[in-house]
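Try each task yourself, then follow the solution step by step.

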2 protein chains.
Amino acid sequence: AGITTLIAKGVYDAAFPLHDVLHEEWARYSAFYKYQPIDLVRKYFGEKIGLYFAWLGVYTQLLVPASIVGIIVFGYGVATVDTNIPSLEMCDERLNFTMCPLCDGACDFWQLSTACGTARASHLFDNPATVFFAIFMSLWAVLFLEHWKRRQISLSFSWDLTGIEDDEEHPRPKYETILLQKRQRKQKNKKTKKKKRIQLTWKDRLPGYCINVSSILFMFGLTFSAVFGVIIYRITVSALMAMSPDPETKSNVRVTVTATAVIINLVVILILDEIYGAVAVWLTELEIPKTETNFEERLILKAFLLKFMNAYAPIFYVAFFKGRFAGRPGSYVYVFNDYRMEECAPGGCLIELCIQLSIIMLGKQLIQNNIFEIGIPKLKKLVRTLKDKGGAEKEEEEERPPQQWNLDYALAPFEGLTPEYMEMIIQFGFVSLFVASFPLAPLFALLNNVIEIRLDAKKFVTELRRPVAARAKDIGIWYNILSGMGKFSVIINAFVISFTSDFIPRLVYQYMYSQSGTMHGFIDHTLSYFNVSNFKPGTAPQNSDHGDVTVCRYKDYREPPWAPDAYHFSKQYWCVLAARLAFVILFQNLVMFLSLVVAWVIPDIPKTIVEQLKREKKLLVDLFLREEKDKFQLIQSLFAKDAPVPLGSHVLDPAQRFPLPGRYSTLPQCATQATAADDDGGGGGGGGGPRARCRAASFSLYTRKVPLSPRNENSKHTAV
Amino acid sequence: AGITTLIAKGVYDAAFPLHDVLHEEWARYSAFYKYQPIDLVRKYFGEKIGLYFAWLGVYTQLLVPASIVGIIVFGYGVATVDTNIPSLEMCDERLNFTMCPLCDGACDFWQLSTACGTARASHLFDNPATVFFAIFMSLWAVLFLEHWKRRQISLSFSWDLTGIEDDEEHPRPKYETILLQKRQRKQKNKKTKKKKRIQLTWKDRLPGYCINVSSILFMFGLTFSAVFGVIIYRITVSALMAMSPDPETKSNVRVTVTATAVIINLVVILILDEIYGAVAVWLTELEIPKTETNFEERLILKAFLLKFMNAYAPIFYVAFFKGRFAGRPGSYVYVFNDYRMEECAPGGCLIELCIQLSIIMLGKQLIQNNIFEIGIPKLKKLVRTLKDKGGAEKEEEEERPPQQWNLDYALAPFEGLTPEYMEMIIQFGFVSLFVASFPLAPLFALLNNVIEIRLDAKKFVTELRRPVAARAKDIGIWYNILSGMGKFSVIINAFVISFTSDFIPRLVYQYMYSQSGTMHGFIDHTLSYFNVSNFKPGTAPQNSDHGDVTVCRYKDYREPPWAPDAYHFSKQYWCVLAARLAFVILFQNLVMFLSLVVAWVIPDIPKTIVEQLKREKKLLVDLFLREEKDKFQLIQSLFAKDAPVPLGSHVLDPAQRFPLPGRYSTLPQCATQATAADDDGGGGGGGGGPRARCRAASFSLYTRKVPLSPRNENSKHTAV
């Protein structure tokens, strides 16, 4: 019966299970350049998972222009590095800047030109194009959200989700258990007052909330101490390595320390990520949320907060704090009385931020993709099959081929979309929050996502048990998180450009201090003077190769030793600071204004859908008017003839009562949907023929969940 | 028949026309302390006007707490004026600050202690409490908008507006005429291609847009030149008065000039306001908008832009530009080669801003209320009756008492709500935009609005022809304008506090420069030195009473004459500037964050309504299920007996088919609404009994405009 009969009759040539279609057409890496068959995904996995993949698709698609612009910006940096005056000046040995030593005692004075490499590298990421790129990416984030809004509305229109209302959900079992326990306790104590319904009050939840707040604070503390631990590691190891007599070790201090420290950071982040995920679930259970939706929302918020802090704390440190508390020669800041606070590389903190960002972003993506998403499920599967074999060996004698459910049992259960979304949101943070310092981030995100889509598809089709299809009309709280991150990114980028990069000092020098109006002399201007005789006892270089040094230079805006207020912040310092702050205000307000304009210019609902809604509404009104007229005629005829009209014949002829399908098929959306549905080749799910579905969809736009929809009435009448 | 019969039968004691009820209970100044009978207003004037008065009510109500806090803040200023060190130092004659002359040649050096009055006055508005008040008022604006959102949803629930969709409107007659003309032109030219529908394209609208843009730019220019004209007036008159030999004139320069200039400003604003209103209408007509709604939206935006610029340009000038381009002693900035740019009063620009704000706000309100809203309509009415008398004298012989329509004809026609809203929005600007400089603004707004409500009510009830009732589900574009102003006010207040007031310089002095950590010495710190020998020839005072002055002081942060870079901005200048800018960033982001939190904490839909919606939905589903069952039984019985059931009797008994009212009256909203409707005493409008209305309201929440609502079906059936 069913599809096989139809094939036998020659109505269809062949039929394929939807699972196989998806496996062939979607869950393959070689299909990476194709659009996803979102409608089929929705049919097989339900709306919730369909929306996730649609969202991921839109995000990946929009990463393409961002990547291209990012590559151009990076290319601009590469192209201009040889004509860039500040980095040329830094590399110029003739200028002969003798810098103050980088550590106490053991380190010698050094020539600025030895830091030529980092200066050139930092120009790649710290050039005027970056400012443009930061503005571009802020607008890109707004554009992405607006675009997704439109896509979501299109999808909910074609998937018939517009009418969904939040039905009252059943309470979670855990909630009910606790409620029951409370009721029993109460009933034991007082047998009167039966009428009062017992509910969970804030008193029942208070301990949970307290544990929540304290745990979250504790975990924040944990994250910060992890970051601080890595700082200490860096400080101590570089101090120890600097003291080593081996000149090879000495010369590689910075590279070795930075690389190992970032890797330690990465490992800590990955470990804490897993721990925080588990802790967030435990904490949310303690809050006793009433419904599953409630539970999910609280869990997501908590997990997001923790994982966001975890992933970004070291990056924030490098961007905004590193090197700002190091003090100055003669008055360094020490931790544990012995170790000097770390400074940024001579090329500026931006290059370090860039290294940190790229390693954490790439490392997180590669490791999470490979180990956590492919490796661990495979391992779990292996363990399960091994375990099963022990029990199965006894039954193997029956030699029956394993049933589908046996095979499916070996797969991992579906554990919600939260981890998938979370991974992407944290990635969105790398793409938007610090994009000013790393214009290649969108490119790396794009490369990752092209793989991620197919990886997730593979996982859903082959690695997991088929999840129970769930409806959802939007991506829920994730949209708010995305939009919040977009807003946050504006201010973060403003601060990165004005405080982490050297963009503002360069501008200030060019327009306020430069005699020639060019950048010549910028490096000299950024370096302050230090009189070697002002070194505290024991901190001066013990054996210097640099002959007779009386004055060394360091990067800061401070008064020279011969000024009356020596080593105080100079006028330039305050001037540059004011310019930096003014830039933040300008940038933030300009970008916010442009974002508002972009959001205002792009209508939320696509024009085609607006028109279609209007047309459908008109048709619907016509239909109801005609039906009313029919009813009226029927009743009139009953009274007029005073004899039963063959009512059944009237009612039973749906073609006469509902001459709609013909007219409806003139609607483009219905027509295309019908075609699409036919093309599906009888895939699973999706009740009713294309026509019925189409009609139902358009009705439900207006009547919502009211059961008396004409379709119901119709089916009931014809059933008589 | 009708109500009179019912009164005769004793069902009601008496009946009053709604007009009289409103006249007695609402349109009276003595009712100012009462809540407005919004439901009656809506019944008589329709939803659109009802929403206006509801909005005005909410706004006025929320002004109460703002006024109270404003009074407290002002009170704090009054209470601390005698202990405030900076103003005490300014008044202290012993400190003996000899200030540089305020004009070239004619003016003498002067003692700072003579400006004691303004120093004390400016402390009233420039104290730490103002910062708190600015934050408070920004949050207040968010709170107001959130509160209004809730009120609007409550109203649209009880007024049955939730289901309204934007029906396709008819095109405006003007649009149709132009379209027709274009069609005729085309048809003359080409007789083929009949199929192509002719529409107005951008080409037809281009001239209109061009005129629009250029006119708006021209009017912006007009506004700016008006502001500039007043500046020139101030500069020249004060220069001329300073040169007069009469000492009385000399001493009153500042007061006279400020007062007359502000009044000129006010008059210009009032005149341009009227002109801009008319020009905006003309410009919008040129754009050929398709529908009336479209027309209204464009008109409002344009009128708002023009009137906003007009009202606020002089205030912006005083707040952010006045005194910043005046130069310094020895190097003043001159306009027309002769007149020095004006400076702020010695007490700071804030006190001038405060005077400007209060005079424009109060003057605008008083004059617009009295002359434009009361005087001119009365005058128009007078003119009309005088005109009519000429024509009417001939017919007077018939000696019929004048009919109601004759009386109504004498009234002014209703010209839309735009002017009413506009007045309030501009006032909202005074309350929110510059509130940091004038904490009494909410109080004045409150006093104005208490009168405004009754004044508008009186106007609508007695002065205007009764407007055609129009439906509207919200206040439309005004909400967006309000919300935009709320956002804009955050940044404006941040700048007022940090740049116009002396709050930041005081903080910087106290924490960075003060030796004792107190404010002692602040005035000395803000005054720079000027060597009298550096005066340009002819600009030094011609005959000085101040004996032997070698150095005079002026308010700025510049290097002293004996420094190597004399008269350049000093380090303090940049330091204070950085602090000011940092404060702007901090303030803006803090307030924006708090606003988000406030908007997030307050749910958009009141909880009672959410619950009611749920309950009604359940009832509705029950009802439809029961009806379906009835229908099914009816059809079954028809077939079973093969004889006509007395169908009519079944259908004609609504109580049996719809046993709802009993259940529905358990709904609190319906119950109260029914009571309210009974209390109305049969007012005009409002079709159907309270029950029917109540039922209809709850249905329309789900079925929207679909004609097949049970009520329709019912009435049709009973009509058979």
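Before you start, please note that this is a predicted model.

**Exercise 1. Tyrosine in a loop**

Solution: 
- Step 1. Compare the relative accessible area with the cut-off: buried means under 20%.
- Step 2. Locate the residue: Tyr567(A) sits in the loop between β8 (551-555) and α20 of chain A.
- Step 3. Look at the backbone. Most residues other than glycine have a negative phi.

**Exercise 2. An aspartate to set beside it**

Task: Find the loop that holds Asp160(B), and classify this residue by its accessibility.

Solution: 
- Step 1. Asp160(B) belongs to the loop between α7 (128-158) and α8 (173-189) of chain B.
- Step 2. Asp160(B), which is not a glycine, has a positive phi of about 65°.
- Step 3. The relative accessible area of Asp160(B) is 22%, so the residue is partly exposed.

**Exercise 3. Salt bridges, within and between chains**

Task: Examine the salt bridges of Glu25(A), Glu146(B) and Glu559(B), and say where the partners lie.

Solution: 
- Step 1. Begin with the total: over all chains, the structure holds 50 salt bridges.
- Step 2. Glu25(A) pairs with Lys34(A), with 3.4 Å from N to O. Glu25(A) is partly exposed at 39% relative accessibility, and Lys34(A) is partly exposed at 31%.
- Step 3. Glu146(B) makes a salt bridge to Lys149(B), with the closest N and O atoms 3.2 Å apart. Both residues lie in helix α7 of chain B, 3 residues apart, which is about one turn of the helix. Glu146(B) has a relative accessibility of 5%, so it counts as buried.
- Step 4. Glu559(B) forms a salt bridge with Lys571(A), and the closest N and O atoms are 3.4 Å apart. This pair crosses between chains: Glu559(B) is in the loop between β8 (551-555) and α20 (571-601) of chain B, while Lys571(A) is in helix α20 of chain A.
- Step 5. Check the cover on that pair. Glu559(B) is buried at 15% relative accessible area, and Lys571(A) counts as buried at 16%.
- Step 6. Finish with a network: salt bridges link Arg172(A), Lys174(A), Glu285(A) and Glu292(A).

**Exercise 4. A nonpolar patch on the surface**

Task: List the residues of the nonpolar patch that includes Leu301(B), and name the helix that gives the most to the patch.

Solution: 
- Step 1. The patch is formed by Phe593(A), Val597(A), Trp600(A), Val601(A) and Leu301(B), which together have about 550 Å² of accessible area.
- Step 2. Helix α20 (residues 571-601) of chain A contributes the most, with 4 residues.
- Step 3. Leu301(B) comes from helix α12 (residues 292-321) of chain B. With a relative accessible area of 40%, Leu301(B) is partly exposed.

**Exercise 5. Record against model**

Task: Compare two spans that an unreviewed UniProt entry lists as "transmembrane region" in chain A, residues 424-447 and 581-602.

Solution: 
- Step 1. Residues 424-447 of chain A are 67% helix and 0% strand, and their end C-alpha atoms are 13 Å apart.
- Step 2. Residues 581-602 of chain A are 95% helix and 0% strand, with end C-alpha atoms 32 Å apart.
- Step 3. UniProt's unreviewed entry gives "domain: Anoctamin dimerisation" for residues 2-38 of chain A. In the model, residues 2-38 of chain A are 43% helix and 0% strand, and the end C-alpha atoms lie 26 Å apart.

**Exercise 6. A covered helix and a buried asparagine**

Task: Work out how many residues of α15(B) are buried, and which residues Asn265(A) touches.

Solution: 
- Step 1. Helix α15 (residues 418-432) of chain B reaches 21 Å from its first C-alpha to its last, close to the 21 Å expected at 1.5 Å a residue.
- Step 2. Of the 15 residues in α15(B), 14 are buried, and the helix is mostly covered.
- Step 3. Asn265(A) is part of helix α11 (residues 253-286) of chain A. Its relative accessibility is 5%, so Asn265(A) counts as buried.
- Step 4. Not counting residues up to four places away in sequence, Asn265(A) touches Val230(A), Pro314(A) and Gln356(A).

Key. Residues are numbered from 1 along each chain as its sequence is written. Chains are lettered from A and ligands numbered from 1 in the order in which they are written. This is a predicted model: local features need pLDDT of at least 70, side-chain atom pairs count only at pLDDT 80 or more; totals for chains, interfaces and linings use all residues. Side-chain values use heavy atoms; hydrogens and water are left out. Patches are made of residues with over 30% relative accessible area and no salt bridge: like charges are joined within 9 Å, nonpolar side chains (Val, Leu, Ile, Met, Phe, Trp, Tyr) within 5 Å. Accessible areas come from the Shrake-Rupley method with a 1.4 Å probe; for residues, only the protein chains shown count as cover. A salt bridge is a side-chain nitrogen of Lys or Arg within 4 Å of a carboxyl oxygen of Asp or Glu. Helices (H or I, at least four residues) and strands (E, at least two) are DSSP runs, numbered from the N terminus. Buried means under 20% relative accessible area, exposed over 50%, partly exposed in between (1.4 Å probe, protein chains only). UniProt positions are given in the numbering used here, feature names are shortened, and annotations may be inferred rather than shown by experiment. The expected span of a helix is 1.5 Å times one less than its number of residues. Contact means heavy atoms within 4.5 Å.
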